[in-house]
Amino acid sequence: MRRLSAFADLCARQEDWSGAEQAWIRLARLIAEPSRQSSIYLRLGQLYDEHLPNPERAEAFKWMAWGTVTMGEALQRLLRNTLDRFPEDERSPKAAETARKDIALQLAILNDALEGKEYLMGSSFTLVDISI
C-alpha cells in the first residue's frame with residue numbers, strides 16, 4: 001500500500017489528476033483504518049472540487065468522510081463505554097451519554113439530508129449509503 005500511496009502522491013505532484021484519482025480510490029478500498037480512509041476521501045473531494053470537477057463525486061466523498069469520522073467516532077465512543085467486552089472500570093456512563101447525544105445530533109443531520117429523497121445521493125442506492 002505504501003507504493004500505491006507514493007504513486008498517488010507522485011501523480012498529484014505531476015498534475016496527473018486521473019492517475020491520482022484512480023490510485024486514491026484503490027487506496028480507500030484497501031485501507032481499513034477510518035482516519036486514513038477519511039484522509040483519502042478528503043483528498044478525493046478536493047480533487048473533484050479543484051482539478052476534476054465532479055460535484056456528485058465530491059458530495060459522495062464528503063458523506064463518506066463524514067460517516068467514517070464524525071458518525072463512526074461517536075459510535076466507537078458509545079460502544080467503548082457500554083459493551084461488556086471492555087473492563088467495567090474503563091467504561092464511563094457519562095461518556096456513553098455524551099456519545100448518545102452526539103449520535104442523536106448526527107442522525108438529525110442525516111435525516112435532514114435524506115428529506116425528500118430515498119438515498120443520500122438521490123434516487124439510487126450507492127456506496128455512500130453503505131458507508132454510512
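Visitor: What does the secondary structure of the protein chain come to?
Guide: The model is predicted. From the N terminus on, the elements run α-α-α-α-α-α. The tally is six helices and zero strands.

Visitor: Which box do the C-alpha atoms of the protein chain fill, taken along the principal axes?
Guide: The protein chain has 132 residues, of which 33% count as buried. Along the principal axes, the C-alpha atoms fill a box of roughly 50 × 40 × 20 Å.

Visitor: What share of the contacts with a separation of 6 or more comes from residues 24 or more positions apart?
Guide: Contact here means heavy atoms within 4.5 Å. Among contacts in the protein chain with a separation of 6 or more, residues 24 or more positions apart account for 43%.

Visitor: How far apart are the end C-alpha atoms of helix 1?
Guide: Helix 1 covers residues 2-13, which makes twelve residues.

Visitor: Which residues of helix 1 are buried, and within what arc do they fall?
Guide: The buried residues of helix 1 are Ala8, Cys11 and Ala12. Seen down the helix axis, they line one face, because they fall within an arc of 100 degrees. An α-helix has 3.6 residues a turn, so residues three or four places apart point the same way. The arc for helix 1 is 100 degrees.

Visitor: What is included in the cover over the buried residues of helix 1, and which exposed residues does the face turned away carry?
Guide: The cover over the buried residues of helix 1 includes helix 2 (17-30). The face turned away from the buried side carries exposed residues, namely Arg2, Arg3 and Arg13.

Visitor: Which residue just after helix 1 takes a positive phi?
Guide: The place to look is just after helix 1. A phi of about 60 degrees is found there, at Glu15.

Visitor: Is Gln37 buried or exposed, and what does it touch?
Guide: Gln37 lies in helix 3 (residues 34-50). Its relative accessibility is 16%, and buried means under 20%, so Gln37 counts as buried. Leaving aside residues up to four places away in sequence, Gln37 touches Ala28, Ile31 and Thr68.

Visitor: What parts does the salt bridge of Asp9 and Arg43 tie together?
Guide: The side chains of Asp9 and Arg43 meet at 3.1 Å, N to O. Asp9 lies in helix 1 and Arg43 in helix 3, so the pair ties together parts that are 34 residues apart in sequence. Both residues are partly exposed, Asp9 at 23% relative accessibility and Arg43 at 34%. The parts tied together lie in helix 1 and helix 3.

Visitor: How far apart in space are Ser39 and Ser5?
Guide: Ser39 has its place in helix 3 and counts as partly exposed at 39% relative accessibility. Ser39 and Ser5 are 34 residues apart in sequence. In space, C-alpha to C-alpha, they are 12 Å apart.

Visitor: Which residues do salt bridges that share partners join into one network?
Guide: Glu73 and Arg77 meet in a salt bridge at 2.7 Å, N to O; being four residues apart in helix 4 (residues 55-80), they are separated by about one helical turn. Arg77 also meets Asp102, at 2.5 Å, N to O. This second pair links distant parts of the chain, with Arg77 in helix 4 and Asp102 in helix 5, 25 residues apart. The network is made of Glu73, Arg77 and Asp102.

Visitor: How many salt bridges does the structure hold?
Guide: Among them are the pair of Asp9 and Arg43 and the pair of Glu73 and Arg77. The structure holds nine.

Visitor: Which residues form a nonpolar patch on the surface?
Guide: Phe125 lies in the loop between helix 5 (93-114) and helix 6 (127-131). Its relative accessible area is 52%, so Phe125 is exposed. The patch has about 340 Å² of accessible area together, and its residues are Phe125, Leu127 and Ile130.

Methods. Residues numbered from 1 in each chain as written. Predicted model: local features only at pLDDT ≥ 70, side-chain atom pairs only at ≥ 80, totals over all residues. Heavy atoms only, no water. Helix = DSSP H or I, 4+ residues; strand = E, 2+ residues; numbered from the N terminus. Expected span 1.5 Å × (residues − 1). Buried < 20%, exposed > 50% of the residue type's maximum accessible area, 1.4 Å probe, protein only. Arc of directions from axis to C-beta. Patch = residues over 30% accessible without salt bridge, like charges linked within 9 Å, V, L, I, M, F, W, Y side chains within 5 Å. Areas by Shrake-Rupley, 256 points an atom, 1.4 Å probe, with all protein chains shown as cover. Salt bridge = Lys/Arg side-chain N within 4 Å of Asp/Glu carboxyl O.
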